[in-house]
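Here is a short report on a protein model. Look over the structure first, then read on.

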Amino acid sequence: MQYRFPDNFWWGSASSAPQMEGAANRGGKSANIFDYWFSIEPERFHNGVGPTDTSTFYDNFESDIKLLKQLGHNSFRTSISWSRLIPDGVGEINQEAVSFYNAVFDRLLAEGITPLINLYHFDMPMCMQERGGWESREVVAAYVRYATRCFDLFGGRIKHWFTFNEPIVPVECGYLGHYHYPCVVDFGRAATVAYHTALAHAGAVQAYRACQHDGEIGIILNLSPTYPRSQDPADIAASRIADLLLNKSFLDPAMKGSYDPELVALLAQYDLLPQIEEGDKALLAAGKVDILGINYYQPRRVKAKEVAWQGVPRTPEDLFDYYEMPGRKMNPHRGWEIYEKGIYDILTDLRVNYGNLPCYISENGMGVEGEERFIGPEGRVEDDYRIQFIREHLEWLHLALEEGSACRGYHLWTFIDNWSWLNAYKNRYGFVRLDLESQQRTIKKSGYWFAEVARNHGFN
């Protein structure tokens with residue numbers, strides 16, 4: 001069968017400033033929360049590898065962008081670092097950062113690669129975290145100012161903006177677990193962080209529209225389709241709770257400008273509602289996006305708890321249990337289920353229930369540990385497993401397009417193997433292998449395959 005995609009389809013990959021730029025302590029940049037956390041607890045990071053020199057894109061962006069072209073990319077998503085652009089979070093613009101980002105954007109455009117630019121990828125400036133982070137409305141206002149400065153500086157050339165990448169992740173990892181700084185476990189504080197992030201998003205959307213640039217603005221959400229173990233009412237109710245808390249908590253404000261009443265009632269039931277101020281409702285309504293980025297890696301399978309939770313839950317998982325479906329396909333390296341049809345189910349839900357707004361797959365990928373085992377005689381990683389992973393997801397995406405989905409593109413996570421928070425370089429995701437000692441880049445087999453797919457707008 002031939003899988004043909006539209007001629008204007010976005011083919012590319014995604015990365016982020018804190019995971020790819022490096023130069024964490026150079027160029028006028030101040031510390032973000034990961035820079036600080038590594039400075040005080042380096043043992044928490046895999047092999048003691050911190051964010052200081054991650055992938056060295058800051059120094060090698062010109063040759064790296066040539067690699068993007070070689071990989072057949074017509075688009076590339078990355079982010080701007082708030083702590084690089086405005087080192088104290090609120091005041092003077094760092095002109096070294098302006099020069100760097102201008103040079104990156106100019107180089108991408110010169111190569112015919114459309115930049116898709118995200119404003120925040122988990123990298124709260126430490127000076128803003130010290131003021132309360134997303135628990136503080138002062139920081140919300142500072143973020144909107146930062147976003148506005150980005151639109152003023154770069155909005156003439158950047159036509160596709162995104163306010164946040166996976167905003168639920170700092171909520172889950174930073175305020176419901178110990179995987180992102182500040183390592184808090186407090187459902188009430190987590191609800192406030194999520195709410196204020198939604199307000200920050202809406203404020204940035206409102207600011208962008210006030211600038212009247214010729215472009216569009218959206219948000220990037222990691223959507224995991226939620227499947228109940230069975231059609232038993234208890235399993236269905238549990239999956240609904242998981243979906244409300246972990247998908248719809250950001251999807252509905254971004255797409256509809258308001259929260260699902262069931263989510264509000266659920267939080268109210270446990271006295272977890274954040275403080276709502278006058279004007280919030282109107283601001284959220286103004287935050288409806290033009291385009292949605294979708295990060296999809298794995299499904300979420302849920303069952304009812306064996307024993308119902310009593311009292312106020314500490315985390316969302318006190319209200320449901322995860323379910324390991326027998327016979328599921330697994331990525332044994334990352335410990336995640338591979339379920340290609342999930343990408344189709346997400347796109348169908350968006351088409352049927354959310355007005356079929358323009359969207360694109362902003363991340364999809366397969367992390368593999370110990371990938372040097374697959375280096376062949378030609379010195380490249382023979383990652384046929386990644387080719388199969390991408391191809392089978394694209395087949396389901398193609399079906400969604402045939403049924404009328406407004407999906408505009410597909411981006412792999414990621415371009416060059418990059419640093420990933422506590423996991424550092426444990427799992428490799430890239431089209432390009434990075435040698436950490438020499439910083440040498442080598443295109444993997446999947447990169448050559450993808451370049452052909454992109455140039456042909458499809459595959460057999």
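Pro 228 stands opposite Val 302 in E9. The two strands involved, E7 (residues 226-228) and E9, pair in the parallel sense over three bridges. Strands pair if DSSP finds at least two bridges between them. Strands (E, at least two residues) and helices (H or I, at least four) are DSSP runs, numbered from the N terminus. This is a predicted model, in which local features need pLDDT of at least 70 and side-chain atom pairs count only at pLDDT 80 or more, while totals for chains, interfaces and linings use all residues. Residues are numbered from 1 along each chain as its sequence is written, and side-chain values use heavy atoms, with hydrogens and water left out.

In a regular strand the side chains alternate between the two faces of the sheet. Strand E9 (residues 300-303) sends Arg 300 and Val 302 one way, and Arg 301 and Lys 303 the other way. All are buried (under 20% relative accessible area; exposed is over 50%, partly exposed in between; 1.4 Å probe, protein chains only). E9 also joins strand E10 (residues 321-322) through two bridges, and this pair runs antiparallel. Here Lys 303 has Asp 321 in E10 as its bridge partner.

## The barrel

Eight strands make a closed barrel with parallel pairing, in the order E2-E3-E4-E5-E6-E8-E13-E15. From one strand to the next, the twist averages 25 degrees. Such angles run from 0 to 180 degrees between N-to-C directions, with axes fitted to C-alpha atoms, for helices over the stretch in contact.

Strand E5 (residues 160-165) and strand E6 (residues 216-222) are parallel and share four bridges. Phe 162 has Gly 218 in E6 as its bridge partner.

## Salt bridges

The whole structure holds 36 salt bridges (a side-chain nitrogen of Lys or Arg within 4 Å of a carboxyl oxygen of Asp or Glu). One of them joins Asp 321 and Lys 305, with the closest N and O atoms 2.8 Å apart. Asp 321 lies in strand E10 and Lys 305 in the loop between E9 and E10, so the pair ties together parts 16 residues apart in sequence. Asp 321 is partly exposed, at 22% relative accessible area. Lys 305 is partly exposed too, at 24%.

Glu 340 and Lys 329 form another salt bridge (2.6 Å, N to O). Glu 340 lies in the loop between strand E12 (336-337) and helix H13 (341-353), and Lys 329 in the loop between E10 and strand E11 (330-331), so this pair ties together parts 11 residues apart in sequence. Glu 340 is buried, at 11%, whereas Lys 329 is partly exposed, at 39%.

How much space lies in the largest pocket? About 1400 Å³. A pocket is an open set of points on a 1 Å grid over the protein atoms alone, where a 1.4 Å probe fits, with protein on both sides within 12 Å along at least five of seven lines; lining residues have an atom within 4 Å of a point. Grid points are joined across faces, edges and corners, and the volume is the space filled by probe spheres set on them. The lining has 41 residues, and Glu 172, Cys 173, Gln 298, Arg 334 and Trp 336 lie nearest the centre. Helix H8 (168-175), E9 and E12 each give two or more residues.

The second largest pocket holds about 490 Å³. Its lining has 26 residues. Helix H9 (187-211) supplies the largest share, five residues.
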